[in-house]
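Trainee: I am new to this structure and would like to go through it step by step. Could we take it in questions and answers?

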Amino acid sequence: MKRQFTIPHPLARNILRGLSGSLDNHFDIEKALLKIDKKTSKYNAKQALTILRTSPVYNKNTLTRHFNYRVPKKLVEIVEYNVQEIIQLIHLNNEDLYKCLIIVLDIYKNIQKKEFKEAIDACLRLIDNKGVSLVLYRLMMYLKNRLEYIPEYNIYTTVIDGIFEKIQIGNIRNINDGVRQIINDRADYFSICSKIKTANINDYSKRILLCFINHSPQDQEDFTKNLNAHLSYSLIDALLYLNLAKRMAFHTENGTLPNNVQGILNEIASLDINLTYYNDTPEDSLDLSFYREAYLLIEQNDCLKYKTVHASFFNLPDSTFRIKTSYETKVIKEYFGDLKGIASIRHNDTENYTINLSKFDIKTCSLFENTSAFDYLLNLLDGNLINNENDEVIFIKLMSRTRDIASLCLPEYIETIKNNSKNLEVKLISLCLLTASSLGDDDDADFELRKVFQNLCEKKHNGNILETLKSFYEISPAITDYFLISFDEIFISRLFNIDVRPNQALSIRAELFDWYGEKTGEKKYNDRAKNTRIDIQINKHRQHIDDSRIYAEPARVIQWITDNINNQLALQFDNIDKLVKPKLQLDWNSLTSSLNPENSIGIAISNSYNEFVNNKIYGINSYLGRRIRHGTAKGTGVEEVKALALKTKYESLLQDSYFTDEWEKWLEIYISSFDELIDEYFHIKSDKKKKGLLSPSIDNDEKYIIANALINTLYKSYLKIDNVVMAPVLITDYCWRLIDGDLARARQHILKVKSSVSVFNIKEQNRLTNRRLAQIFSNEVNALTEEKFTMVCSWFNKPSYATQSADISLLFKVVVEEIKTQNPKFSPEINDENQIQMLTGGHYFAIYDALTVIIKNIAEHGNNNGLITLKYGVIQPKNNNDMKTLSIQITSESISHDKYLASKGSIKEKICSDNISDANITEGNSGIKKLKSMEFDKLIHNLKYEFQDSIINPLIKAIFAIELDY
């Protein structure tokens with residue numbers, strides 16, 4: 001018989017009775033509980049909460065029940081039950097719990113046997129028995145995630161989505177969004193872990209998610225809060241979490257579970273995990289996939305042991321010290337106990353990978369298990385992994401057979417490896433790991449990295465950077481990948497012992513990209529090399545003078561976004577419900593309060609803008625410091641004004657003591673105003689520089705509008721072309737729009753300072769000995785200060801070449817000149833009478849590629865000395881849903897009529913063919929297939945050729961278009 005709970009306090013009873021008409025409003029229920037807690041006592045609030053969870057009167061309340069037909073609206077954190085109280089609740093509800101656990105056992109057995117229909121039917125039975133719970137969600141998510149790898153069973157994923165909708169899984173969206181990312185192989189595991197840990201979520205959802213990452217409680221307090229978090233979802237989940245702690249030998253208060261319930265739990269725990277679910281997972285990552293999903297099936301001993309062993313090592317270092325339970329110590333020793341030194345970790349390739357549930361196996365482990373083994377040994381030996389030359393060789397090899405070492409391992413242990421080894425390669429790898437773990441903020445490590453690299457480069461490769469990287473690739477491809485990202489033109493130009501001139505750094509980097517792209521087969525590196533060379537060529541022909549003060553290097557910003565943001569955007573855009581209209585509006589003040597895809601995109605945009613503004617090498621911050629604060633600000637504003645009084649014609653004024661006193665007082669105020677601007681205002685806003693004029697955050701209404709426009713532009717682009725290739729250019733362009741308001745406010749502040757200090761005027765004119773000369777002097781001073789403040793004000797404007805851009809005529813000229821160097825006989829006459837049409841990075845790279853193909857074809861098959869005519873123009877859309885297009889036409893001549901007919905036939909045949917699979921293999925940068933491939937990838941549109949069949953001067957016209965989003 002179930003116990004009846006009562007509330008002794010009359011006010012608490014009245015508040016609870018008043019909820020009978022508001023059971024569908026979880027906000028009112030939460031407010032009532034908080035009111036009871038505040039006006040009466042914790043005890044009354046707890047009794048009220050228990051009644052809400054158990055009484056038939058409140059069966060339809062949407063906030064909290066022990067047993068649910070649907071997901072609670074919120075996991076309230078108002079009062080806390082102790083362990084004994086929860087055990088008591090379990091005993092009081094033994095019968096209902098037993099019924100639900102019987103069904104949970106059936107689901108586990110169905111999953112083990114791959115009986116998918118039966119498993120889903122059992123899930124529906126559990127729902128009918130008021131068993132909507134975290135365990136139901138976990139089991140269904142496991143099925144859904146695994147079935148996506150088995151095409152013939154994809155139909156069941158749709159059924160599961162329907163069940164989720166039925167139980168209103170969106171009620172607690174944070175849990176659903178977080179878990180989807182934790183188990184998604186495409187999502188970076190450590191990024192989502194960090195995001196969850198720092199999320200500002202104001203209910204128990206965050207605790208639930210943290211259990212998915214690390215299921216071991218920190219201490220008794222942490223355990224009790226986690227237990228209450230699970231209770232807030234359902235009593236079934238509280239039971240399962242309590243049993244999880246008992247299985248892990250975590251110290252819990254005395255108390256046993258009902259025998260019938262414990263028997264079912266033991267039977268679930270003893271079921272073997274069916275690892276054939278991972279047969280279709282890439283072999284080298286199947287164990288990481290299993291680890292990410294292990295908490296979904298944590299009731300099984302196999303999953304608990306695997307999760308426990310590896311969570312101790314494959315997690316970001318935690319500053320909080322905790323003592324492992326006897327269970328943790330036991331299973332870790334059983335798993336890794338045979339490891340004695342670095343040689344006992346897999347350092348050679350293997351053909352067969354398996355998930356090793358019980359014990360580490362050097363022959364079959366993949367990157368994930370090998371990484372845990374590395375971290376285990378590193379901690380066991382306090383970093384003293386290297387004791388001889390053979391250990392050094394193994395350490396180098398391990399860098400390509402482990403993952404995420406820089407994030408996982410304590411820096412002091414990596415420092416120990418560096419200091420214990422005399423091998424330059426080992427030192428270099430250690431320094432790479434240290435600079436990566438510090439996110440580039442360790443100047444000492446960065447300096448030492450350059451020093452060791454130069455030493456290695458000079459000693460073994462005669463100062464050749466590419467040859468050094470080639471040799472490193474043979475021993476450690478993974479570290480080579482890190483080198484390639486880190487060795488930007490700044491790094492290369494600072495290799496002072498190697499003869500690298502600053503203007504060579506970009507070319508060297510392009511050469512490195514090209515080699516690595518060919519070596520790895522990853523086209524993105526070849527594209528990066530090509531784009532770098534395009535910028536070099538365009539800048540040669542552009543011949544602009546870089547006299548701007550406020551600037552951010554677009555190529556570097558774009559590259560950072562490509563490396564750090566693109567994958568995040570693709571993943572999150574993919575997670576957005578496609579049924580929702582593509583109109584996203586974010587609350588930019590509370591991005592960390594939710595883990596939904598929209599907020600994750602917002603965080604990615606915020607990080608991009610922060611990088612654009614704050615980066616000290618290529619961001620606004622760099623140029624604000626170099627060109628304004630430490631450059632010419634004070635000199636521009638002050639020096640000429642100070643020198644004015646020293647002119648010969650004003651010598652007599654300086655003999656007047658009253659004039660001199662007034663001038664020196666005004667000059668002191670004037671100079672101090674510039675000192676204050678430089679010291680306090682000409683900075684990026686931060687905790688240290690609160691008056692900084694430029695903010696690295698999206699922090700006002702004007703920026704919110706611009707940032708929302710950016711997100712919608714990105715999303716529409718993603719829906720249209722199914723990738724995020726345009727994202728880096730679009731984000732960089734919008735970053736300038738975001739900073740524009742700050743620049744305007746900076747100019748206003750400068751003008752405000754000017755209005756208060758720039759006018760020199762002596763009030764008591766009758767005290768002057770030469771009033772007329774003093775007036776002339778004052779006029780000259782005031783004209784000069786006006787000029788100086790206007791000049792300083794102009795520095796806070798967006799430069800005209802702020803984004804990567806070029807006009808089509810310039811691109812055309814660059815391509816022609818480049819092909820001339822490849823084909824000395826190519827010397828055409830150019831006809832270009834077009835108006836300038838500026839293009840941004842993503843567009844002009846595509847046009848450059850298309851022009852290269854077309855002009856190269858002309859050089860190879862047309863008249864090398866003939867006329868080439870360039871014509872282009874913008875075509876306005878016919879309706880609002882279409883985009884503007886830029887149509888480009890290149891007309892060329894043939895050597896003869898026969899050559900013309902041959903070219904015409906060949907072009908028509910290829911333009912009609914759908915075979916473009918080898919476009920980038922057999923034809924390189926030339927050929928119609930390449931253009932067709934670009935059209936297929938939606939980089940260009942409306943590709944066609946037209947022919948003018950004249951006997952005397954037949955012409956071939958190549959036509960293509962690009963879509964403009966501005």
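The conversation below goes through a helix, a sheet and some single residues.

Mentor: Before we start, please keep in mind that this is a predicted model, in which local features need pLDDT of at least 70 and side-chain atom pairs count only at pLDDT 80 or more, while totals for chains, interfaces and linings use all residues. Residues are numbered from 1 along each chain as its sequence is written, and side-chain values use heavy atoms, with hydrogens and water left out.

Trainee: Which helices do the buried residues of α6 pack against?

Mentor: Helices here are DSSP runs of H or I with at least four residues, and strands are runs of E with at least two, numbered from the N terminus. Helix α6 covers residues 116–128 and reaches 19 Å from its first C-alpha to its last, close to the 18 Å expected at 1.5 Å a residue, where the expected span is 1.5 Å times one less than the number of residues. Its buried residues, including Phe116, Ile120 and Leu126, cover an arc of only 155° around the axis, which puts them on the same side of α6, the arc being that of the directions from the helix axis to the C-beta atoms. Packing here rests on contact, meaning heavy atoms within 4.5 Å, and the partners of these residues are α5 (94–113), α7 (134–147) and α8 (154–166).

Trainee: Which strands stand at the edges of the five-stranded sheet?

Mentor: Two strands pair if DSSP finds at least two bridges between them, and the open sheet has the order β2-β4-β5-β7-β6 with mixed pairing. The edge strands each have a single partner strand, so one side of each is left without a neighbour in the sheet, and these strands are β2 (829–832) and β6 (941–948).

Trainee: How many bridges join β4 to β5?

Mentor: β2 and β4 pair in the parallel sense over four bridges, whereas β4 (residues 867–875) and β5 (residues 884–893) run antiparallel. The number of bridges that join β4 to β5 is seven.

Trainee: At what angle to β4 does helix α37 run?

Mentor: Helix α37 (residues 808–822) lies across β2, β4 and β5. Axes are lines fitted to C-alpha atoms, for helices over the stretch in contact, and angles run from 0 to 180 degrees between N-to-C directions. On that scale, the angle of α37 to β4 is about 150°.

Trainee: Is His347 buried or exposed?

Mentor: His347 is found in the loop between α17 (326–336) and α18 (367–380), and leaving aside neighbours within four places in sequence, His347 is in contact with Ile394, Lys397, Leu398 and Arg401. Buried means under 20% relative accessible area, exposed over 50%, and partly exposed in between, with a 1.4 Å probe and protein chains only. At 15% relative accessibility, His347 counts as buried.

Trainee: Where is Asn462, and is this residue buried or exposed?

Mentor: Most residues other than glycine have a negative phi. Asn462, however, has a positive phi near 55°. Asn462 sits in the loop between α23 (443–461) and α24 (465–475), and with a relative accessible area of 75% this residue is exposed.
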